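This report goes through a protein model by topic, from charges to backbone to overall fold. Please keep the sequence and the structure in view while reading.

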Amino acid sequence: MEDETIIKTIGNIPLRNGELSVLLGRYKSPSMKIAFMEKEGQIRRLKRGVYVADGDEKIPVSKELCSNHIYGPSYLSLQWALSYYGLIPEHVFSLTAVTTKRSRDFQNDLGFFTYRQVPDDYFPIGIRPVQADGVTFLMASPEKALCDMILADLYIPSRSVTGLYRYLEEDLRFDMDELSHFDKSVLEQCAQRGHKKSILQNLIKIYEHYDNI
């Protein structure tokens, strides 16, 4: 299998070292071939033992899919997802995600990837597959992304409804009108399983106010 064929076979799907070695099985030393391909810019190292083809206009590298593969299980959430949905005005450059593993940060040629830990039973709530650029990656729903943000942020001004409202409107600059489109059941599940139960219950109260307008 020629190098060009190998690259086309890889496409824009991240592969671990063992999977890539299988594709390079005809070489006497697949590990040396992997090192050569990385040096030549044919593949990118996402982290130790995880690679993706360099990509081109037809098969662009998906940072979102790479985020799912760099550290998992994980899904995109927090500031990145809130920005993606247009719920906060800032454009977020680092890819922020949630995982059941301990919190970690990674940096590579594609950018900066942040992962924040949540409880195992809280993790699967409100995850959705998103299709873009010919791939499918996992991301939080708008409701889950906001709950994740509240759980991850060490600075919540107070446990009162008024304090949370101020945090959302002034600190996050969250689009409060969008709360009326939220799925209450996702908020309720997060409040049941998240560790900031009283604050997430206050979020439901704020949601109910906007839902009744």
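How many salt bridges does the count come to? The count comes to six salt bridges. The model is a predicted one, and every value below is computed from it.

Lysine 184 takes part in two of the pairs described here. Its side chain meets that of glutamate 188 in a salt bridge, with an N to O distance of 3.9 Å. Both residues belong to helix H8, and because they are four residues apart there, about one helical turn separates them. Glutamate 188 is partly exposed, with a relative accessible area of 34%, and lysine 184 is likewise partly exposed, with a value of 27%.

Lysine 184 also forms a salt bridge with glutamate 208, where the closest N and O atoms are 2.8 Å apart. Lysine 184 is in helix H8 and glutamate 208 in helix H9, so this pair ties together parts that lie 24 residues apart in sequence. The relative accessibility of glutamate 208 is 30%, which counts as partly exposed.

## The buried face of helix H8

Helix H8 covers residues 184–193, and its buried residues are Val186, Leu187, Cys190 and Ala191. Seen down the axis of H8, these buried residues fall within an arc of 135°, so they line one face of the helix. The cover over them includes helix H6 (142–152) and helix H9 (197–211).

Arginine 116 and aspartate 105 form a salt bridge through their side chains, at 3.4 Å from N to O. Arginine 116 sits in strand E7 (residues 111–117) and aspartate 105 in strand E6 (residues 104–108), so the pair ties together parts 11 residues apart in sequence. Arginine 116 is partly exposed at a relative accessible area of 28%. Aspartate 105 also counts as partly exposed, at 38% relative accessibility.

## A buried glutamate without a partner

Glutamate 64 is found in helix H4. Which side chain of opposite charge is nearest to glutamate 64? It is lysine 63, 7.8 Å away. A salt bridge requires a side-chain nitrogen within 4 Å of a carboxyl oxygen, and glutamate 64, although buried, has no salt bridge.

Leaving aside residues up to four places away in sequence, glutamate 64 touches Leu76, Trp80, Leu95 and Phe137.

## Backbone exceptions

Most residues other than glycine have a negative phi, and most peptide bonds are trans. The peptide bond joining glycine 72 and proline 73 is cis, with omega at about 5°. Proline 73 lies in the loop between helix H4 (63–70) and strand E4 (74–76).

Leucine 78 is not a glycine, yet it has a positive phi of about 55°. This leucine is found in helix H5 (residues 78–84). Is leucine 78 buried or exposed? Its relative accessibility is 3%, so leucine 78 counts as buried. Arginine 173, another residue other than glycine, has a positive phi near 55°. Arginine 173 is in the loop between helix H7 (161–172) and H8. At 47% relative accessibility, arginine 173 counts as partly exposed.

## The protein as a whole

The secondary structure comes to nine helices and nine strands. Taken along the principal axes, the C-alpha atoms fill a box of roughly 65 × 30 × 25 Å. The protein has 213 residues, of which 46% count as buried. Among contacts with a separation of 6 or more, 57% are between residues 24 or more positions apart.

The accessible surface comes to about 11,100 Å², and carbon and sulfur atoms account for 48% of it. There are 26 positive and 29 negative side chains, and the centres of these two sets lie 9 Å apart.

Technical notes: Residues numbered from 1 in each chain as written. Predicted model: local features only at pLDDT ≥ 70, side-chain atom pairs only at ≥ 80, totals over all residues. Heavy atoms only, no water. Buried < 20%, exposed > 50% of the residue type's maximum accessible area, 1.4 Å probe, protein only. Helix = DSSP H or I, 4+ residues; strand = E, 2+ residues; numbered from the N terminus. Arc of directions from axis to C-beta. Contact = heavy atoms within 4.5 Å. Lys, Arg positive; Asp, Glu negative; His and termini not counted. Areas by Shrake-Rupley, 256 points an atom, 1.4 Å probe, with all protein chains shown as cover. Charge placed at Lys NZ, Arg CZ, Asp CG, Glu CD.
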